Amino acid sequence: MRKRWRAVPERSDGAGADGPEGPTDSGGRAARRTLRGRGLAGGAVLFLVVGLVLAVLPLPVNDLSPGDYVAKSYPRSPADDIGGDAVAYTSPLPPTDVAATITKFWLPGRGCADAEGVYLRYAEDTVVIRRGRQGSLILVEKSATAYPRYVKHVAGYWDR
């Protein structure tokens with residue numbers, strides 16, 4: 001059986017059925033005061049939590065894409081470019097360390113690794129980090145040309 005809500009008539013002294021500050025006060029003064037206080041406290045807590053999350057998360061502020069981040073963070077190696085498809089960069093760090101640094105700022109949609117390197121796929125770009133002469137060779141390439149090139153490494157991990 002459902003109960004119907006009905007307003008409690010206001011008394012002549014301004015108090016509701018439970019007294020001047022009771023929960024059924026028809027003016028709702030006490031109830032409004034309580035909710036307003038809880039709302040402000042809840043809002044302050046939410047504001048604090050969001051602020052802390054934003055302060056802790058590393059957010060790429062000026063980089064428009066993972067490729068832009070790599071271009072800004074690592075030295076170019078034009079001799080290692082693959083035609084007009086892949087732009088090469090180098091790092092003295094091993095591939096897994098370079099991948100950890102990049103994924104700290106840009107989480108890939110898909111990624112995999114094998115003995116030859118780390119393969120990160122983003123919406124537009126791919127970042128392939130392979131063992132280099134002294135550290136790592138980082139190749140930034142469009143997904144359309146990277147998939148056929150690295151299919152034996154990424155089949156089953158990347159979508160075509």
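This is a predicted model: local features need pLDDT of at least 70, side-chain atom pairs count only at pLDDT 80 or more; totals for chains, interfaces and linings use all residues.
1. Let's start with Gly 135, which lies in strand β5 (helices, H or I with at least four residues, and strands, E with at least two, are DSSP runs numbered from the N terminus). Leaving aside neighbours within four places in sequence, Gly 135 is in contact with Ser 91, Pro 92, Leu 93, Pro 95 and Arg 130, where contact means heavy atoms within 4.5 Å. Gly 135 is partly exposed, its relative accessible area being 22% (buried is under 20%, exposed over 50%, partly exposed in between, with a 1.4 Å probe and protein chains only).

2. Residues are numbered from 1 along each chain as its sequence is written, and side-chain values use heavy atoms, leaving out hydrogens and water.

3. Now the sheet. Five strands form an open sheet, ordered β1-β5-β4-β3-β2, with antiparallel pairing (two strands pair if DSSP finds at least two bridges between them). At the edges are β1 (86–91) and β2 (110–114), each pairing on one side only. From one strand to the next, the twist averages 15° (axes are lines fitted to C-alpha atoms, for helices over the stretch in contact, and angles run from 0 to 180 degrees between N-to-C directions). Eight bridges join the antiparallel strands β4 and β5; Arg 131 has Ser 136 of β5 as its bridge partner.

4. Two helices pack on this sheet. α2 touches β1, β4 and β5, its direction making about 40° with that of β4. α3 touches β1, β3, β4 and β5, and its direction makes about 155° with that of β4.

5. Which residues of α2 are buried? They are Pro 66, Gly 67, Tyr 69 and Val 70. Seen down the axis of α2, these fall within an arc of 160°, so they line one face of the helix (the arc is that of the directions from the helix axis to the C-beta atoms). Their cover includes β1, α3, β4 and β5.

6. Finally, the largest nonpolar core has 15 residues, and Val 70, Tyr 74, Ile 102, Leu 120, Val 127, Ile 129 and Ile 138 touch the most other members (a nonpolar core is a set of buried Ala, Val, Leu, Ile, Met, Phe, Trp, Tyr and Cys residues joined through side-chain atoms within 4.5 Å). The largest share of this core, three residues, comes from α3.
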